[in-house]
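This report describes one structure, shown below. Please keep it in view while reading.

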Amino acid sequence: MIKINNLNKAYGKINVLQDINLHIKESEFVSFIGPSGCGKSTLINIIAGLDKATSGKVLVDEKEINGTHTDRIMVFQNAALFPWLDVYGNVAFGLKNICKDPNEIRDKVEEVLRKVHLSKFKHHYPHQLSGGMKQRVSIARSIVMDPKILLMDEPFSALDEQTRMLLHNELQEIWMETGKTILFVTHNIREAVKLSDRVIIMGIRPGCIVDDIAIDMAHPRQSTDSNLFYKEELIFRKLKVEIEKVAKEELGNEYNFEKNHLSWEHNNTMGGGI
Ligand SMILES: Nc1ncnc2c1ncn2[C@@H]1O[C@H](COP(=O)(O)OP(=O)(O)OP(=O)(O)O)[C@@H](O)[C@H]1O
Ligand SMILES: [Mg+2]
């Protein structure tokens, strides 16, 4: 469904993404993980049509993309809701541009509010909502547009651990119910492994794909599933090589991970600090 062919991106003389080739199937949940600055946001922005590749192509259903389109919608880290609109108004806002029937708008908005468990809060304003609720509104206003592809750039990274776990389960349910294709950028290994069919590991300078790891386990998954731990560790080991490269560049060759204890433990804070 999504094909990225020989994609490169440079800002001035700096190559940010180099020779990215990737095929993503319909309804796949694909996560992108990699050191800060490796070009995850740049890549997802290009797929969204918010940024342009320097060369190469992004095809959706065999058609080259040209700018933004309602078939690809982005959910950002910060919900950025309209403060003067209530939950209902925020979710209905974009829909009003593509749908003129008020009954249809109401039905669609009510349905997605049920999916994200916000029906009781539809008349609340953003300042009356918790961070998790705001992010639920953000997801609701994206899926109400019924895009083929949902693009998510660290959507849960500003949330506390418990809220994040609830939202993992909700996103997993929404994905299983709607069959959307989801591209999900994260720094969090556990989150990537729990949610994804594939985890793409990216390397840096220039940003490139260094590995593509299948997580072939049935959904829905629970964070406590011990089968996930093996994959988490595998991804951590691969990611560590990339992080080490960055640290050596920034801190000098004498920097040593064995000495500096960058290790993976199953009960740690989900790799959130990576
Ligand atoms: N508009 C821009 N102009 C110049 N350089 C940019 C621009 N946007 C991004 N970059 C550079 O491109 C590289 C990739 O940035 P990007 O934001 O895509 O990384 P990232 O992997 O999303 O990082 P993080 O994990 O910190 O969010 C960085 O070196 C960044 O400084
Ligand atoms: Mg980013």
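## Surroundings of K180

Beyond its neighbours within four places in sequence, K180 is in contact with S27, E28, D146, P147, K148 and W175. The model is a predicted one. K180 sits in the loop that runs between helix 5 and strand 8. Its side chain reaches the backbone oxygen of P147 at 2.9 Å.

Is K180 buried or exposed? K180 has a relative accessible area of 9%; residues under 20% count as buried, so K180 is buried.

Six strands make up an open sheet with mixed pairing, and their order is 6-7-8-3-9-10. Strand 6 (72–75) and strand 10 (208–214) are the edge strands, each pairing on one side only. On average, neighbouring strands of this sheet are turned by 20 degrees against each other, direction ignored.

Four bridges link strand 6 to strand 7 (residues 149–153), and this pairing is parallel. Within this pair, V75 stands opposite M152 of strand 7.

## Helices on the sheet

Helix 4 (residues 131–143) packs on the sheet and touches strand 6 and strand 7. The direction of helix 4 makes about 175 degrees with that of strand 6.

Helix 5 (residues 161–178) also packs on the sheet, where it touches strand 3 (29–33), strand 7 and strand 8 (181–185). Between the directions of helix 5 and strand 8 the angle is about 155 degrees.

## Residues with positive phi

Most residues other than glycine have a negative phi, and most peptide bonds are trans. Two residues are described here for their phi values. S27, one of the contacts of K180, has a phi near 70 degrees, which is positive although the residue is not glycine. S27 is found in the loop between strand 2 (14–24) and strand 3. With a relative accessible area of 29%, S27 is partly exposed.

E154 has a phi near 45 degrees, again a positive value in a residue other than glycine. The loop between strand 7 and helix 5 holds E154. The relative accessible area of E154 is 19%; the cut-off for buried is under 20%, so E154 is classed as buried.

## Cis peptide bonds

Where is P206 found? P206 lies in the loop between strand 9 (198–203) and strand 10. R205 and P206 are joined by a cis peptide bond, with omega about -10 degrees.

A cis peptide bond also joins H219 and P220, and here omega is about -5 degrees. P220 is placed in the loop between strand 10 and helix 7 (226–251).

Technical notes:
Residues numbered from 1 in each chain as written. Chains lettered and ligands numbered in written order. Predicted model: local features only at pLDDT ≥ 70, side-chain atom pairs only at ≥ 80, totals over all residues. Heavy atoms only, no water. Pairing = 2+ DSSP bridges. Helix = DSSP H or I, 4+ residues; strand = E, 2+ residues; numbered from the N terminus. Axes fitted to C-alpha atoms, helices over the stretch in contact; angles between N-to-C directions. Contact = heavy atoms within 4.5 Å. Buried < 20%, exposed > 50% of the residue type's maximum accessible area, 1.4 Å probe, protein only. Polar contact = N/O pair within 3.5 Å; in protein donor to acceptor, adjacent residues only side chain to side chain.
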